[in-house]
Amino acid sequence: MFCRSSLLPLVDKNQDMWLALFFLLGAAVGSFINVIADRLPAGKSIISPPSHCTGCQRELSTKDLIPIFSYLWLKGRCRHCGVTIPRRLLWVELGTAILFAFLYWHYGPSWELALVALYCCLFIVLSLIDLKHNILPNKIVYPAVIFAIVIAALGSIFGFEPRAIAGTGFRLWIVDAAIGGGIGFVLLLLPALLYRGGMGWGDIKLATLIGLVTGFPLVLIAMFLAIVSGGLIAAILLLLKLKSRKDAIPFGPFLSLAAMATLFWGSNLLNWLIPS
Ligand SMILES: [Zn+2]
């Protein structure tokens, strides 16, 4: 008789190998995300010059370019001049590595895995830039909007089921995406019009992008999560007097985190809220 259990160790071993590979891939991608987040707002080229120390300008050797590990064995300092390497670089590499392993575990080998990984990278870059510079660059948001529309159109034409992306059951994903984008736009445009200085154009554009990516009705979950988490953290920061009412707390990271959570678990949350 065919015994399934005898096959399982083999399957598990493969799974572990793929998880490890995606962890390493994520670490490398995280390292590239750091480069983009540092250079793009300054209008510098992402490709040249090669990575160098901001202290002594010396080019980094291959050994010092290995994500996560090079930070650890250099103990966070440049080997030549001893200048401190920002700890953010390590956290982003480690975070992206864990995220990529999680994505593989969550989606398995599929086109959703590639697409969601790409969107996640986009959201991480935007969050990092917004945290540091309080802007969400059009240079990233506009191409991403076009990409999301193209993907939605392709999904409609070729009929691949965007189950993992939007478990809505609609056949025409482009309609879903268009309604989603519209809702994201309007939901953030209203507070921007009502309270001056509350919401920037960057946030409105990002919400539109998130609506296009998640589609209707998942966009409602994404916006709900972003507004609740953003409001909660803002209230805590004000209560602890870490920020004053005049400080602008960037909303981009909350929108981004909410969008990622919605891509992973939005359908489950929706089914739980509105049992079909
Ligand atoms: Zn140096």
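**Close-up views of the predicted model**

View 1. C78 counts as buried, at 11% relative accessibility, whereas C81 counts as partly exposed, at 38%.

**View 2. The chain is built from helices.** It holds nine helices and zero strands, so that the order of elements from the N terminus reads α-α-α-α-α-α-α-α-α. Of the 276 residues, 41% count as buried. Where contacts join residues at least 6 apart in sequence, 67% of them join residues at least 24 apart.

**View 3. The largest nonpolar core has 57 residues.** Within this core, the residues with the most contacts are L103, F123, L255 and F264. Two or more residues come from each of α1 (8-39), α3 (87-107), α4 (111-133), α5 (138-158), α6 (173-194), α7 (201-214), α8 (218-239) and α9 (252-273). Helix α4 gives the most, with 13 residues. Both domain 1 (1-109) and domain 2 (110-276) are represented, each by at least three residues. A second, separate core has five residues, among them A27, I68, L90 and A97.

**View 4. F264 is one of the residues with the most contacts inside the largest core.** Apart from its neighbours within four places in sequence, F264 is in contact with L99, F102, L103, H106, Y107, V116 and C120. F264 also belongs to a cluster, linked by ring pairs, that contains F102, W105 and W265 as well.

**View 5. Y119 and F147 form an edge-to-face aromatic pair.** A pair of aromatic rings is described by the distance of the centres and the angle of the planes. For Y119 and F147, the centres are 5.9 Å apart and the planes are at 70° to each other. The angle is over 60 degrees, and the pair therefore counts as edge-to-face. Y119 lies in helix α4 and F147 in helix α5, so the pair ties together parts that are 28 residues apart in sequence. With 3% relative accessibility, Y119 counts as buried, while F147 is partly exposed, its relative accessible area being 31%. The count of aromatic pairs comes to 10.

**View 6. T262 is a buried residue of helix α9.** The relative accessible area of T262 is 1%, and this residue is buried because the limit for that class is under 20%. Leaving aside its neighbours within four places in sequence, T262 is in contact with T214, L218, I221, A222, L225 and S267.

Key:
Residues are numbered from 1 along each chain as its sequence is written. This is a predicted model: local features need pLDDT of at least 70, side-chain atom pairs count only at pLDDT 80 or more; totals for chains, interfaces and linings use all residues. Side-chain values use heavy atoms; hydrogens and water are left out. Buried means under 20% relative accessible area, exposed over 50%, partly exposed in between (1.4 Å probe, protein chains only). A nonpolar core is a set of buried Ala, Val, Leu, Ile, Met, Phe, Trp, Tyr and Cys residues joined through side-chain atoms within 4.5 Å. Helices (H or I, at least four residues) and strands (E, at least two) are DSSP runs, numbered from the N terminus. Domain bounds come from an automatic or database domain assignment. Contact means heavy atoms within 4.5 Å. Rings of Phe, Tyr and Trp (its six-membered ring) pair if their centres lie within 6.5 Å; planes under 30 degrees apart count as stacked, over 60 as edge-to-face and the rest as tilted.
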